[in-house]
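Q: Could you walk me through this structure, starting with how its elements are named and then going on to cavities and helix packing?

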Amino acid sequence: MQRIPEEKIDEIRSQVDIVDVVGNYVQLKKQGRNYTGLCPFHGEKTPSFSVSPEKQIFHCFGCGKGGNVFSFLMQIDGLSFVESVKKVADLAHIPLDVAISQGDSAPGNKPDSQESKMIEIHQLASKLYHYLLMETEEGQEALQYLLDRGMSEQELDHFEIGFAPAHASTVTTFLKKREVDLALAVESGLLTERDDGEVVDRFRNRIMFPIKNDRGQLVGFSGRLFNQEDGPKYLNSPETPIFNKRNILYHFSDARQEIRKKEEILLLEGYMDVISSVSATFSNGVASMGTSLTEEHVQMIRRVTNRAIICYDGDRAGIEASFKAGTMLAEQHRLEVFVLQLPNGKDPDDFIRSEGAEKFAEIYTHQRLTWTAFKLQFFKRNRNLQNEIDKIAYLGEALAEIGKLDQAVERELYLKQLGSEFDLSMEALKQQLQQTVVVKPKPHDYGGPPPESYGEYPSYEGDGGPVYEQFSFAQPSGVPSAGLTSEKRLLKYMLEDRDAFIQIRNLLEEHQTDFYHDNYKALYTHLIGFYASGNDANPLALMDQLKDDMARNLVSELEMMTVNTDVSIEEYQDYVQSLTKSSIERDIKEKEQALLTATQQGDMPAALELARTITTMRATMKNTPN
């Protein structure tokens with residue numbers, strides 16, 4: 001098996017614009033020379049995630065993650081390096097005409113052949129299921145059921161819907177003939193093993209909906225009963241190495257482009273709801289796999305939009321599910337949320353089939369409820385507003401929600417609505433609002449590039465004002481900012497110029513000094529090996545060879561820095577002398593602490609020796625040029 005040649009990796013990397021790749025996952029907006037958006041790797045409201053088309057790198061100034069196009073796909077999709085190279089090669093339409101070993105080509109690779117085979121098995125089964133539905137007499141009843149529900153053959157083809165016969169071994173026999181590993185098919189969830197050891201089909205006499213992950217890979221099925229009541233209405237694939245309901249939204253990979261175009265996602269409950277919404281030209285619809293919205297789902301959503309439209313079933317369970325999902329999205333993750341409530345408690349599939357796409361579009365566009373409006377309606381449920389106790393309780397809940405609003409105009413609007421509904425004066429409502437709501441310092445998202453130290457970001461806890469959170473790339477305790485700045489600039493020059501690396505390394509050895517910050521010291525060591533291997537300066541290629549995510553993050557951070565490119569060896573020397581001075585300052589502080597301890601313990605000989613040492617060190621530092 002061959003490695004992927006470095007020149008082939010360089011060719012693949014150079015043929016794809018990182019902005020296009022990242023744009024499939026993050027809403028990006030042009031800002032100066034770079035593109036910015038909400039970071040897909042941590043929660044934030046103000047964009048601190050930046051992509052440089054010039055450098056072909058990404059970096060988040062909030063969480064510190066960074067890298068090139070390969071490392072982005074590795075982190076966002078959980079790919080190995082080889083898989084990410086394959087994916088970028090496909091995007092660039094570049095054939096990989098070499099055999100690739102899963103253990104070769106890059107650090108941190110993970111074996112993926114078993115999972116790939118599981119996906120291939122599901123693709124084979126999906127083609128069989130679809131053929132059985134569309135082309136066989138055995139699938140005629142299921143096909144007619146779907147057609148009677150208003151589905152077209154074009155929809156059935158587009159969503160690759162199929163039929164699993166009632167026989168116990170239809171798929172099993174099909175896979176045997178193709179010499180597929182049945183044990184692997186069992187592990188993938190497609191087949192199941194009986195107590196007596198016989199392997200049989202898991203899905204029988206069901207309409208089959210293929211399920212893809214967010215990368216568009218077919219990883220499971222959901223089978224629906226259609227002509228009997230025996231068994232659960234929907235049977236999903238079990239949890240497997242490739243299928244986890246917490247990580248999957250039905251139709252997400254196909255909807256991603258439309259979500260980005262509309263700048264909002266339509267959250268639905270069922271597969272049929274999604275199919276009907278697509279037929280009504282709302283291709284931004286997705287559905288969870290018969291489970292509540294999860295944290296993993298929210299992170300997937302946040303990668304592509306910050307606005308969600310919830311359109312669940314209109315029954316009691318659907319309304320409560322809307323409240324639960326909206327609370328998670330709006331209040332825990334600060335997305336903009338709207339809710340669609342369809343007339344007569346209908347679900348989206350029934351409504352679109354019976355009332356038509358135009359009516360659904362009217363409600364979607366002009367009758368959506370804001371999250372606050374929906375909550376005010378929700379709080380009225382199970383309350384008798386003719387009863388004074390219930391009425392007062394509801395008003396308390398409503399005022400508490402209104403008090404959370406940032407905009408004065410919004411608060412005024414909802415207060416007027418409450419006043420009109422309950423015949424209360426604005427003065428009384430505002431007075432009650434002041435008593436109900438305890439005003440606290442508002443959290444503030446500090447987006448965009450931070451100060452040059454990249455060290456601290458304010459957050460808020462309780463009533464106490466800003467509390468500073470330290471990130472992994474923060475300035476180490478006790479290191480003067482001038483020293484840290486020198487470290488950064490020296491590494492920046494060394495990354496981008498081999499001659500600069502040689503000159504700076506000689507100066508470091510001459511002055512017998514080194515980098516203090518552990519991450520910077522580690523990157524310096526990587527650079528020594530990188531250039532010793534005969535490489536020219538190439539930060540993107542260096543990233544591919546770094547095993548440590550923190551090292552890649554540091555490279556992207558340094559690459560985002562703007563420095564003077566017309567630099568002399570004298571300037572390098574100034575920075576190196578700054579490191580030397582910083583080192584002496586740290587040593588002095590350590591000796592001063594030791595002197596204090598010796599004095600407190602009455603060890604005068606040690607105290608005198610330390611005092612002499614400190615005096616000598618201060619003289620040395622004084623003679624060190626600034």
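Predicted model: local features only at pLDDT ≥ 70, side-chain atom pairs only at ≥ 80, totals over all residues.

Q: Which residues line the largest cavity?
A: The lining is made of H158, F159, E160, P210, I211, K212, Y250, H251, F252, S253 and D254, so H251 turns up here again because a lining residue has an atom within 4 Å of a cavity point. Strand 9 (206–212) and helix 10 (252–262) each contribute at least two residues to this lining.

Q: What volume does that cavity have, and how does its lining divide by class?
A: The largest cavity has a volume of about 140 Å³, and its lining has 5 nonpolar, 3 polar and 3 charged residues. The structure holds 4 cavities of 30 Å³ or more.

Q: Now helix packing: at what angle do helix 14 and helix 15 cross?
A: The axes of helix 14 (residues 348–355) and helix 15 (residues 357–366) cross at roughly 125° and come within 6 Å of each other, and this angle makes helix 14 oblique to helix 15.

Q: Which residues make the contact?
A: On the helix 14 side they are F351, I352 and E355, and on the helix 15 side they are A357, K359, F360 and I363. The classes in this contact are 5 nonpolar, no polar and 2 charged residues.

Q: What about helix 22 and helix 24, at what angle do they pack?
A: Helix 22 (residues 518–532) and helix 24 (residues 549–560) pack at an angle of about 90°, and their axes are 10 Å apart. The two helices are therefore roughly perpendicular to each other.

Q: And which residues touch there?
A: Helix 22 brings N519, Y520, L523 and H526 to the contact, while helix 24 brings M550, A551, L554, V555, E557 and L558. By class, that contact has 7 nonpolar, 2 polar and 1 charged residues.

Q: Back to burial: how many residues of helix 11 are buried?
A: Helix 11 (residues 271–279) is mostly covered, with 8 of its 9 residues buried, and these are Y271, M272, D273, V274, I275, S276, S277 and V278. Helix 11 is followed by T281, whose phi is positive, near 70°.

Q: Take S276, then: what does it contact away from its sequence neighbours?
A: Leaving aside neighbours within four places in sequence, S276 is in contact with D349, I352 and R353. S276 counts as buried because its relative accessibility is 0%.

Q: How many residues of helix 16 are buried, and what covers them?
A: In helix 16 (residues 371–380), 8 of its 10 residues are buried, namely W371, T372, A373, F374, K375, L376, F378 and F379. What covers them includes helix 13 (316–332), strand 16 (336–339), strand 17 (369–370), helix 17 (388–402) and helix 18 (408–422). Following helix 16 is N382, whose phi is positive, near 65°.

Q: Last one, where is N344, and is it buried or exposed?
A: N344 lies in the loop between strand 16 and helix 14, and N344 is exposed, with a relative accessible area of 76%. Although N344 is not a glycine, it has a positive phi of about 60°.

Note on methods. Residues numbered from 1 in each chain as written. Heavy atoms only, no water. Axes fitted to C-alpha atoms, helices over the stretch in contact; angles between N-to-C directions. Helix = DSSP H or I, 4+ residues; strand = E, 2+ residues; numbered from the N terminus. Parallel < 35°, antiparallel > 145°, perpendicular 65-115°, else oblique. Contact = heavy atoms within 4.5 Å. Nonpolar A, V, L, I, M, F, W, Y, C, P; charged D, E, K, R; others polar. Buried < 20%, exposed > 50% of the residue type's maximum accessible area, 1.4 Å probe, protein only. 1 Å grid on protein atoms, 1.4 Å probe; cavity = no way out; pocket = protein on both sides within 12 Å on 5 of 7 lines; lining within 4 Å. Points joined across faces, edges and corners; volume = space filled by probe spheres on them.
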